[in-house]
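User: I am new to this structure and would like to learn how to read it. Could we go through a few features together?

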Amino acid sequence: MLSRRQALTVSAAGLVGGALGRDSLAAAGIMDGGWSPGRIPFGACVRIDPLQKEPDYRTAFKTYCQQLTPEGGLFWIYLRPTPAAFRFDFADGVLAFAAANGMTMRGHTLVWYGAMPEWTKGIEGAANAEREMTAHIEQVVSRYRDKIKTWHVVNEPIDDSKGNVPGLRPSVWLHSLGDRYIDLAFRTAHRVDPAAELILNEYDIECADGTSPKKREALRQLIHNLLDRGVPLHGVGLQGHIRGKYQIDRDGVFDFVAEMRSLGLSVHVTELDVVDNDLPGPIAVRDAIVAARAHDFLEPIFAAARPEIIATWGITDRYTWVPMWYKRRDGLPNRPLPLDADYRPKPLWSVIDYFCNK
Ligand code: G3I
């Protein structure tokens with residue numbers, strides 16, 4: 001059940017979202033990568049194929065975004081096809097597009113359990129693991145020094161694979177180096193680019209049910225431990241792949257963000273979308289719930305701290321990871337993102353725009 005305030009926000013968002021045209025976007029200062037002073041930047045992740053092939057896709061980023069994240073171009077599986085090779089074409093392409101259009105790019109990600117090439121399964125022993133990880137971070141961070149100012153250094157470290165959040169997530173790094181792999185990643189990135197803002201990025205900390213409450217607590221403890229050990233951690237990334245079927249734990253989000261800020265960390269919304277596979281089918285209803293969930297997530301964040309960025313994981317429903325994992329049983333396309341598959345802004349965009357202007 002939506003509160004009156006949420007219902008008002010969402011219905012206003014629906015009106016604005018449906019009617020939003022170039023003129024009103026221009027008047028709001030958000031056309032052509034435009035950004036007005038005081039506005040929180042909006043970003044989104046980018047796929048390389050449509051970026052190269054689809055003019056409308058490029059226009060969407062130029063119209064709405066101030067910052068881009070390469071969706072997969074900095075994954076090891078893409079960047080490191082063999083132990084010796086570094087393949088920078090994807091990330092370089094996104095960076096060139098961003099720079100040509102007045103946008104910046106953030107780095108995603110240096111150390112993650114996922115999207116690892118087969119050959120990394122052969123990394124055995126602490127010395128080899130340390131050598132591989134540090135060499136990777138040295139190559140990648142030094143290449144983009146002065147260009148990428150913010151790095152998601154470690155991505156998704158908390159283990160929820162069995163649903164009970166017992167500790168750190170298994171990976172080649174945890175296996176070979178133990179929990180000091182996180183310290184090593186941050187210390188190496190900091191050594192290579194002392195000016196870069198270094199982020200720990202995690203998902204599923206915002207819901208009132210599921211694994212969120214335990215993950216939030218595990219992430220909190222991990223962050224305290226890292227800071228106690230003097231690890232150069234500067235900010236926390238709340239991915240925000242919101243599970244649409246759950247309510248947001250607004251108090252839990254507020255308390256967590258307030259605590260992060262009290263520890264001196266910056267706060268980033270890094271991969272916002274709303275997983276809608278369990279939501280009702282009718283588009284108006286679904287879009288309203290998606291917008292309401294994002295509103296309920298962003299409101300306590302903003303009440304506790306001003307985030308550095310709101311970034312979504314994709315910009316259009318045409319290109320989203322969500323159906324890879326969360327296809328709808330009724331066969332309808334997923335609608336997790338701010339623009340629909342025909343690049344029309346949805347109520348979710350109006351919610352994001354509202355918060356960016358706060
Ligand atoms: O490019 C190939 C294409 O040629 C092929 O036809 C197709 C067949 O399945 O696969 C395509 O590659 C896929 C790629 O996404 C396309 O963007 C890969 O198989 C698929 O594994 C890859 O998934 C990515 C996933 O991370 C990897 O685990 C998603 O794009 C990407 O959005 C997702 O992103 C993660 C963040 O990094 C961390 N947070 C969660 C988020 C969503 O899972």
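This is a predicted model: local features need pLDDT of at least 70, side-chain atom pairs count only at pLDDT 80 or more; totals for chains, interfaces and linings use all residues.

User: At what angle do the axes of helix 11 and helix 12 cross?

Analyst: Residues are numbered from 1 along each chain as its sequence is written, and side-chain values use heavy atoms, leaving out hydrogens and water. Helices (H or I, at least four residues) and strands (E, at least two) are DSSP runs numbered from the N terminus. Axes are lines fitted to C-alpha atoms, for helices over the stretch in contact, with angles from 0 to 180 degrees between N-to-C directions. Here, helix 11 (residues 250-262) and helix 12 (residues 283-304) have axes that cross at roughly 35 degrees and come within 8 Å.

User: Which residues of helix 11 meet helix 12?

Analyst: Contact means heavy atoms within 4.5 Å. Arg 250, Val 253, Phe 254, Val 257 and Ala 258 of helix 11 do so, and their partners in helix 12 include His 295, Phe 297 and Ile 301.

User: Now the ligand: which residues come nearest?

Analyst: A residue is near a molecule or strand if one of its heavy atoms lies within 4 Å of it. There are 13 residues around the ligand, and Glu 71, His 108, Glu 156, Glu 271 and Trp 313 come nearest. For an N or O atom in the side chain of Glu 71, the distance to a ligand oxygen is 2.4 Å. In the side chain of Glu 156, such an atom is 2.6 Å from a ligand nitrogen.

User: What about the backbone: is the peptide bond from His 108 to Thr 109 cis or trans?

Analyst: As a general idea, most peptide bonds are trans, and most residues other than glycine have a negative phi. The bond from His 108 to Thr 109 is cis, with omega near 0 degrees. Thr 109 belongs to strand 3 (residues 104-112). Asp 146 has a positive phi, near 75 degrees, and sits in the loop between helix 7 (126-143) and strand 4 (148-155).

Definitions and conventions
A polar contact is a pair of N or O atoms within 3.5 Å; within protein, one must be able to donate a hydrogen and the other to accept it, and residues adjacent in sequence count only if both atoms are side-chain atoms.
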